[in-house]
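Here is a short note for a colleague opening this structure for the first time. Please keep the view open while reading.

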Amino acid sequence: MLSVELKDDRSENVHYDHSDYPIYIRKALLSYYNNFEAPSHWHDDIEFIVVLQGEMNYNINGEVIAIRQGEGVFVNSRQLHYGFSESRTECEFICILLHPMLLCVTQSLEQKFIVPLLNSQNLPYLKLSAETACQKEMLGCIMDIYGARNDETAPIKIISLFLKIWSLVYENSEIATMPKVRNDDLTIIKNMVGYIQKYYCEKITLDDIAAAGAVGQSKCCKLFDRYIGFTPNAYLIKYRLNQSTWYLKNTDMTITEIAQAVGFSGSSYYAEAFRKWYRVSPTGYRKWAV
């Protein structure tokens, strides 16, 4: 099972491939994640996804897009996102995370070309398709980054390709004409989701979740519905259940012990919730997974 490790600000702690260069490159399967769904997360890095086989749904700030074979997505810095398959079908994809600091060759370049795109609330993501020449070129650059990952001069090649992609995004984003839009709600929902992911094994109330975002219960529920598609309590239960599947597959802990480890008050409630979400009992899931 792949999991997301959080920093103190509840963003993802990315383990880069090189100690001196913030570069992360992987080929992965959606089945690496429990129930074919990655947890909601965010990070400072720019994320690139290209689907090699199959397809997946991708949620960015509550907006869901379908990414099919040969397509991809550019996800801007600090956007709430995750990939998933409702039908639990396999998807092979490339995931690349590159920190924006790689682009900041000079201060003037950073201020003129990098910061405006990073701070644009109007460009949370860009779906990439080979149907347009510009996006086809971006997809080619992403594949070239993956191909160069093991070269002796990999950092140089990757930074060069990253700059090329950035210039294409900048040239086609009409950034200069975009009105500045603040999205404080995105910061609030990230704080609340991060709180759940950090303290899910403890007793958490709706008041606690709302307080993590410094909002009332009503706005808390509205933001979860808009960005996540679940109520705060439903997301908490789903996250706990997702975490519990790792224990079912990788330990010999009893159902009662697992229920307590992930924050459920009792094994009966845990088993009932598990069956509701996964249509199988925890014991049945353990037999199937093993």
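1. Confidence. This is a predicted model. The protein chain averages a pLDDT of 90. At least 70 is reached by 92% of the residues. One stretch needs care: over residues 176–181, pLDDT stays under 50. For residues 176–181 the model has six contacts beyond four places in sequence. Where pLDDT is low, the predicted coordinates should not be read in detail.

2. Helices α4 and α6. Helix α4 covers residues 184–199, and helix α6 covers residues 217–227. They pack with their axes 10 Å apart, at an angle of about 95 degrees. Angles of 65 to 115 degrees count as roughly perpendicular, so α4 and α6 are roughly perpendicular to each other. On the α4 side, the residues that meet α6 are D185, L186, I188, I189, M192, V193 and I196. From α6 come K219, C220, L223, F224, R226 and Y227. By class, this contact of α4 with α6 has 10 nonpolar residues, three charged and no polar.

3. Helices α7 and α9. Helix α9 spans residues 267–278, and helix α7 spans residues 232–250. Their axes lie 10 Å apart, and the packing angle is about 95 degrees. α7 and α9 are therefore roughly perpendicular to each other. In α7, the contact residues are A234, I237, K238, L241, N242, S244, T245 and L248. They meet Y269, Y270, A273, F274, W277 and Y278 in α9. The contact of α7 with α9 has 10 nonpolar, three polar and one charged residues.

4. The cavity. How many cavities of 30 Å³ or more does the count give? The count comes to one. About 130 Å³ of space lies in the largest cavity. Its lining consists of E37, A38, P39, S40, Y82, I228, F230, Y235, K238, Y239, N242 and Q243. By class, the lining has seven nonpolar, three polar and two charged residues.

5. A link between points. Which helix gives the most to the lining of the largest cavity? Helix α7 does, with five residues.

Methods:
Residues are numbered from 1 along each chain as its sequence is written. This is a predicted model: local features need pLDDT of at least 70, side-chain atom pairs count only at pLDDT 80 or more; totals for chains, interfaces and linings use all residues. Side-chain values use heavy atoms; hydrogens and water are left out. On a 1 Å grid over the protein atoms alone, a cavity is a set of points where a 1.4 Å probe fits but cannot get out, and a pocket is an open set with protein on both sides within 12 Å along at least five of seven lines; lining residues have an atom within 4 Å of a point. Grid points are joined across faces, edges and corners, and a volume is the space filled by probe spheres set on the points. Helices (H or I, at least four residues) and strands (E, at least two) are DSSP runs, numbered from the N terminus. Ala, Val, Leu, Ile, Met, Phe, Trp, Tyr, Cys and Pro count as nonpolar, Asp, Glu, Lys and Arg as charged, and the others, Gly among them, as polar. pLDDT is the predictor's confidence in each residue, from 0 to 100. Contact means heavy atoms within 4.5 Å. Axes are lines fitted to C-alpha atoms, for helices over the stretch in contact, and angles run from 0 to 180 degrees between N-to-C directions. Angles under 35 degrees count as roughly parallel, over 145 as roughly antiparallel, 65 to 115 as roughly perpendicular and the rest as oblique.
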